[in-house]
Amino acid sequence: MMIMRRYALLLLLAFASLQLLCFAADVDVVFYDSFEESFDGRWIVSDKDDYKGVWKHSKSEGHDDYGLLVSEMAQKYAIVKELDEAVNLKEGTTVLQFETRLQSGLECGGAYLKYLRPQDAGWKPNEFDNESPYSIMFGPDKCGATNKVHFILRHKNPKSGEYIEHHLKYPPSVPSDKLTHVFTAILKPDNEVSILVDGEEKKKASFLSAEDFEPPLIPSKTIPDPDDKKPEDWDERAKIPDPGAVKPEDWDEDAHMEIEDEEAVKPEGWLDEEPEEIDDPEATKPEDWDDEEDGEWEAPKIENPKCETAPGCGEWKRPMKRNPAYKGKWSPPLIDNPSYKGIWKPQEIPNPNYFELEKPDFDPIAAIGIEIWTMQDGILFDNILIAKNDKVAESYRETTWKPKFEVEKEKQKAEDEAADSARLADFQRKVFDVLYKVADIPFLSKYKHQILDLIEHAETQPNLTIGVLVSIVVIILTIFFKLIFGGKKQPIVEKKPEVAETSNGEGSSGEKAEEAEKEEAAAAPRRRRRDN
């Protein structure tokens with residue numbers, strides 16, 4: 001009885017802990033949309049004229065999982081979701097996470113989200129466009145030389161009141177495949193931000209570091225004085241021509257770079273009287289040629305056949321050679337400039353917009369918008385999450401993204417292996433076609449059967465293709481060296497003359513053996529070469 005009570009107590013504690021965890025997870029989830037239901041009525045499509053792209057509620061290819069789909073190529077898209085309550089980024093950790101799948105690839109376009117700050121009074125969601133101010137922009141962007149996962153913070157300068165875009169330096173690149181990927185930005189209370197791709201940290205940065213954001217959130221203390229002017233006598237030349245240098249007397253500036261080679265001699269057989277080109281003797285004037293309209297007809301020129309066997313035709317001229325007396329235009333050597341003051345810079349003055357900052361002055365997130373221009377269709381957004389706990393975001397990745405990704409990765413692996421096999425088979429077929437042609441080369445006739453045996457053996461076992469190639473190359477090289485250096489000479493053996501025996505008019509035994517050998521060769525089946 002006591003054991004039963006203990007088990008009941010343990011079950012009660014486990015159930016209570018699970019409920020507490022679920023409650024904590026729900027509290028930490030500020031916003032989540034799985035798009036299992038249609039976005040109509042929840043997300044508002046922009047009515048602005050620039051945004052003609054059609055959003056669709058569509059399944060991800062190969063899954064029963066729905067998402068928000070970019071359905072048309074070469075269009076601008078804009079859609080926004082207002083949050084029930086603005087998210088305060090100044091307190092605790094904030095996690096921004098979403099999935100995207102580039103089902104048609106991404107050559108030029110964006111697949112990022114804009115986390116909008118509270119808009120001006122009177123703003124309507126259907127007026128959302130690229131001018132709608134955001135607090136953070138995050139996600140893939142690729143076009144031309146641009147290939148990065150953006151993270152841009154729009155931060156207000158407390159001195160000037162101006163909003164400035166601060167771009168994360170050296171962000172991670174966009175995955176180049178067509179699989180589902182999950183992008184995560186973790187904003188931490190210690191002023192750090194971590195960028196994760198598929199749950200792996202790709203970049204860590206500090207909001208307050210000038211090494212991590214361009215321009216830095218904290219301006220420099222000083223700036224160049226805009227009113228400062230370079231003095232007229234400021235000399236920035238580090239080197240100057242030596243004023244005391246004198247041109248040498250033997251320096252001839254008028255000498256030519258090249259002169260005729262006086263030692264050259266006209267080659268024997270040079271045809272001085274023969275032009276390099278002559279009229280084509282086989283050319284005839286077209287019947288429809290009109291001298292009045294087309295002008296006087298002239299036969300086309302061809303190379304003079306007499307010049308092909310001669311060293312040259314036409315007037316012979318000595319070749320040119322470099323003039324040893326040529327030195328070019330003289331200029332005095334450079335010396336250190338005694339008046340050199342360095343490269344001038346305006347003096348530094350205190351920056352009127354400088355301020356010190358302990359923490360970024362984040363604007364809250366009041367809405368999530370997707371405002372992109374893309375040349376590709378098939379971009380699918382899914383599982384958009386804002387949470388206050390990175391462990392919660394991790395659990396969503398494990399349950400919503402990872403199962404899809406694993407299935408897609410295995411399918412991609414199988415497709416890649418099939419494509420590699422097809423390419424290998426095509427390569428082997430081309431190799432075998434060439435080898436059959438090699439076997440027909442006359443000087444390899446003695447080894448033709450050996451080569452064909454190797455080819456047919458390789459066709460039944462394609463993995464032997466490289467070995468067959470090496471074997472045939474060895475055969476060809478062996479024959480090649482025999483042709484060049486000659487084979488081993490056979491010793492001459494003198495044979496005693498044999499007396500031919502005849503019986504009943506039949507030929508000699510030597511003649512019979514020769515006939516038998518010919519019959520055997522004729523009876524042997526000829527090997528057929530491949531037609532393909």
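A: Helices (H or I, at least four residues) and strands (E, at least two) are DSSP runs, numbered from the N terminus. One case here is helix α2 (residues 291–294), where D294 is placed. This is a predicted model, in which local features need pLDDT of at least 70 and side-chain atom pairs count only at pLDDT 80 or more, while totals for chains, interfaces and linings use all residues. Residues are numbered from 1 along each chain as its sequence is written, and side-chain values use heavy atoms, with hydrogens and water left out.

Q: Is D294 buried, exposed or partly exposed, and why?
A: Buried means under 20% relative accessible area, exposed means over 50%, and partly exposed lies in between (1.4 Å probe, protein chains only). D294 counts as partly exposed because its relative accessibility is 41%.

Q: Which residues form the negative surface patch?
A: Patches are made of residues with over 30% relative accessible area and no salt bridge; like charges are joined within 9 Å, and nonpolar side chains (Val, Leu, Ile, Met, Phe, Trp, Tyr) within 5 Å. A salt bridge is a side-chain nitrogen of Lys or Arg within 4 Å of a carboxyl oxygen of Asp or Glu. Lys and Arg count as positive and Asp and Glu as negative, with His and the chain ends not counted. The place of a charge is NZ of Lys, CZ of Arg, CG of Asp or CD of Glu. Here E287, D288, D290, E292, E293 and D294 form the negative patch.

Q: Which residues make the nonpolar surface patch?
A: Accessible areas come from the Shrake-Rupley method with a 1.4 Å probe, and for residues only the protein chains shown count as cover. I466, V470 and V474 make a nonpolar patch of about 270 Å². Of these, V470 sits in helix α6 (residues 465–485) and is partly exposed, because its relative accessible area is 48%.

Q: What should I look for in the backbone?
A: Most residues other than glycine have a negative phi, and most peptide bonds are trans. F35, although not a glycine, has a positive phi of about 60°. F35 lies in the loop between β1 (29–33) and β2 (44–45), and is buried because its relative accessible area is 0%. D198 is not a glycine either and has a positive phi of about 60°; its loop runs between β13 (192–197) and β14 (200–206).

Q: Which residues does a cis peptide bond join?
A: That bond joins E214 and P215, with omega about -10°. P215 is in the loop between β15 (213–214) and β16 (222–224).
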